[in-house]
Amino acid sequence: MGAYDAELGAAVERAQQGDEGAFATAYRLVQPGLIGYVRGLVGDDAEDVAAEAWLEIARDLGRFRGDGAGFRGWTATIARHRALDHLRKQKRRPRTALLEQDVLELPGGQDTAAAAIEALSTERALALIGSLPREQAEAVLLRTVVGLDGPTAARVLGKRPGAVRTAAYRGLKGLAERLTVAGAGSGQSAVRRTLKDGT
C-alpha cells in the first residue's frame with residue numbers, strides 16, 4: 001500500500017490547498033474500500049450514508065493532519081459515525097451485508113487476467129463476511145477492504161489494537177474454515193495469505 005498511500009497523501013495535501021482535481025483523486029482512491037465498509041454496516045443504504053460522510057470529509061478536510069494511511073483511517077472513522085447515526089435513526093442494529101462488486105474495485109496494478117482470478121477468490125471470501133459475528137466482520141472489513149493497519153483500525157473502532165487484531169484474525173480464520181468446507185481452494189489461499197501476512 002506504500003505507493004497507493006503516497007499518491008493518496010499527495011492528493012490530500014493538494015486538495016487541502018484547494019485543488020478540486022486532487023480531491024477527486026483522493027475520492028477515487030478511497031471510495032471503493034469505504035463504500036464496501038459502509039455497506040457491511042448498513043446494507044442497501046450505503047450510498048446515502050457514504051455521501052453524507054463525504055460531505056463531512058469535504059467540509060473538514062482543512063483540519064485533517066496526516067498521510068495517506070491516516071486519511072484512510074480518518075475517512076473510515078467519519079463513515080462509521082455516519083453509519084451508526086443512520087442505524088440509530090432506524091433503530092436497528094448494525095448488520096454485515098453481503099458485499100458487492102464495489103469492494104472488488106480497489107486500486108491495483110495487476111493485469112486483467114490476474115485481477116479477474118483474484119476477484120473470483122476475493123468475492124467468495126467477501127461473500128462469507130456477512131456470516132461472521134459483527135465485531136469480527138467489522139475488523140476484517142477495516143483491515144482487508146479499507147486496508148487499515150491494526151492501530152488505525154483500532155482507532156476507528158475505539159478499541160485496543162490487540163482486540164482488533166484478534167477479532168480480524170478470528171474472522172479470517174473462520175472464513176478460511178468455511179472456505180475449506182465449501183471446497184473453495186483459491187479463496188482459501190487468499191485468506192491464508194492474509195493470515196500469514198499478519199492482521
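1. In this predicted model, the side chains of H86 and D45 are joined by a polar contact of 2.8 Å. H86 belongs to helix α4, and because its relative accessible area is 16%, under the 20% cut-off, H86 counts as buried.

2. The preceding position deserves a reading of its own. D85 also lies in helix α4, but with a relative accessible area of 24% D85 is classed as partly exposed, since the range for that class begins where the buried class, under 20%, ends. Its side chain makes a polar contact of 2.4 Å with the side chain of R82, and a further polar contact, of 2.6 Å, links the side chains of D85 and R88.

3. An α-helix has 3.6 residues a turn, so residues three or four places apart point the same way. The search of the whole structure returns five aromatic pairs, and F71 with W74 is a tilted one, with 5.8 Å from centre to centre and 40 degrees between the planes. Elsewhere, F23, Y27 and W54 make up one aromatic cluster.

4. Helix α1, residues 2-16, and helix α4 have axes that come within 7 Å of each other and cross at roughly 75 degrees. The two helices are therefore roughly perpendicular, as that description covers angles from 65 to 115 degrees. On the α1 side the contact is made by Y4, D5, L8, G9 and V12, and on the α4 side by G68, A69, F71 and R72.

5. How many residues of helix α6 are buried? This helix runs over residues 134-145 and is mostly covered, with nine of its twelve residues buried. They are Q136, A137, E138, A139, V140, L141, L142, R143 and V145, a list that a reader may wish to compare with the displayed model. After α6 comes G147, which has a positive phi near 85 degrees.

6. Helix α7, made up of residues 150-157, is likewise described as mostly covered, six of its eight residues being buried. The buried positions are G150, T152, A153, A154, V156 and L157. A glycine again follows the helix: G158 comes after α7 and has a positive phi, near 70 degrees.

7. Lastly, the chain as a whole. It contains nine helices and zero strands, so that its pattern along the sequence reads α-α-α-α-α-α-α-α-α. Of its 199 residues, 47% are buried. When contacts between residues at least 6 apart in sequence are considered, 67% of them join residues at least 24 apart.

Technical notes:
Residues numbered from 1 in each chain as written. Predicted model: local features only at pLDDT ≥ 70, side-chain atom pairs only at ≥ 80, totals over all residues. Heavy atoms only, no water. Buried < 20%, exposed > 50% of the residue type's maximum accessible area, 1.4 Å probe, protein only. Helix = DSSP H or I, 4+ residues; strand = E, 2+ residues; numbered from the N terminus. Phe/Tyr/Trp six-rings, centres within 6.5 Å; stacked < 30°, edge-to-face > 60°. Axes fitted to C-alpha atoms, helices over the stretch in contact; angles between N-to-C directions. Parallel < 35°, antiparallel > 145°, perpendicular 65-115°, else oblique. Contact = heavy atoms within 4.5 Å. Polar contact = N/O pair within 3.5 Å; in protein donor to acceptor, adjacent residues only side chain to side chain.
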